[in-house]
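Please open the structure in a viewer and keep the selection panel at hand.

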Amino acid sequence: MMRDTRSQFRPADHPNKHFILTTVVGSYPKPKWLNQARESYHILSNKDSRRQYNEAKNDASTIIIKEHEEAGLDVVVDGEMKRNEMVEYFAERIRGYEFNGPVKVWGHNYFDKPSVVEKVSYREPWLLEEYKYNVKIANRPIKVPITGPYTLANWSFNEYYEDEKELSYELAELVNIEIKNLVDAGVRYIQIDEPALATTPEDHKVVRKCLEKITRGIADNIRIGLHVCYGDYSRIFPKILDFPVDEFDVELANGNYSQLEVFKKVPFTKDIGFGVIDVHDSRIESVEEVRERILKGLEVVPPDRLTVSPDCGLKLLSREVAYKKMVNMVKATRLVEEELDRGEIEL
Ligand SMILES: [Zn+2]
């Protein structure tokens with residue numbers, strides 16, 4: 001019998017017998033005024049500009065949570081309004097990291113790639129403040145996305161550890177401490193983001209061992225998801241079915257479901273976070289279109305193991321487009337639930 005970490009997120013007023021969980025991956029477009037407040041703070045760097053930037057960050061989190069609730073999502077996030085990049089944010093809070101300025105990653109894009117120069121250790125909570133603020137605002141359960149240790153290691157310069165694997169394991173211990181702190185504060189849904197696994201699938205055993213460290217001592221009712229996007233899933237599936245996570249979250253809409261067959265080769269014995277919204281396309285998918293995509297998800301898992309979600313973070317879209325995409329995603333999900341209730345969909 002699989003453990004059930006999902007039903008706790010079913011809203012009390014949920015209208016349908018069947019329940020398909022809806023959520024988003026994490027990042028969301030930042031309001032323009034938040035970016036302006038950040039720039040002012042970086043230029044002026046004084047007490048006033050810092051206070052204004054902090055206020056802007058809180059306001060942005062509030063608005064995005066409300067937008068997610070308004071769209072009808074069952075589980076919300078704050079769109080990572082308080083985080084800069086997905087490695088930088090965490091590296092700034094981990095002892096052992098050092099920043100030496102941006103490096104060119106592709107085209108004209110720069111990334112402040114940090115270096116590990118000494119043993120990494122847990123200096124301060126990473127996301128506790130973010131969560132404590134959000135939980136006061138939200139009327140729906142909150143998911144907390146965390147960049148996984150393998151990606152943190154893979155996207156850093158390693159100047160101290162024997163190899164990247166050793167660094168990943170050390171960082172996994174820190175993620176475990178962080179999750180324990182978050183769970184103590186009330187978090188019930190954690191998502192580990194490991195996009196680096198998509199580009200180096202041969203390291204699936206390293207990621208698995210990291211997840212074992214991450215989830216050690218975490219209570220059974222805590223839902224753990226793993227998000228991996230933009231890669232060849234046949235390189236990691238079905239291996240990932242042994243990972244100690246409840247949900248495997250994948251991007252599929254962008255590739256027009258060409259990888260769907262990969263997940264049908266053996267029974268998918270976990271929940272699937274099924275990407276139904278293309279985050280690289282500003283065209284808003286219609287409710288009917290999203291409905292068709294959700295039905296593809298039902299070819300892989302039954303409704304009570306299906307999580308409907310965009311492919312990846314929505315941050316590259318405009319806010320208006322991101323919002324409309326979420327609205328249609330939720331509408332389509334509720335429509336499919338009704339059809340399931342009426343027995344109109346054959347499973
Ligand atoms: Zn992603």
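Leaving aside its neighbours within four places in sequence, with which residues is Val276 in contact? Select Val276: its partners are Ala253, Val290, Arg293, Ile294, Val308 and Met329, a contact being two C-beta atoms, placed from the backbone, within 7 Å. This is a predicted model, in which local features need pLDDT of at least 70 and side-chain atom pairs count only at pLDDT 80 or more, while totals for chains, interfaces and linings use all residues. Residues are numbered from 1 along each chain as its sequence is written.

Over the protein, 43% of the 347 residues are buried.

Now select residues 271-277, strand 11, and residues 306-310, strand 12: the two pair in the parallel sense over five bridges. Strands are DSSP runs of E, at least two residues long, numbered from the N terminus, and pairing requires at least two DSSP bridges. Within this pair, Gly273 stands opposite Thr307 of strand 12.

Finally, extend the view to the open sheet of seven strands, ordered 1-12-11-10-9-8-6 with parallel pairing. Its edges are strand 1 (21-22) and strand 6 (144-147), each pairing on one side only.

Notes. A residue is buried if 20 or more other C-beta atoms lie within 10 Å of its own, exposed if 12 or fewer, and partly exposed in between; C-beta atoms are placed from the backbone. Helices (H or I, at least four residues) and strands (E, at least two) are DSSP runs, numbered from the N terminus.
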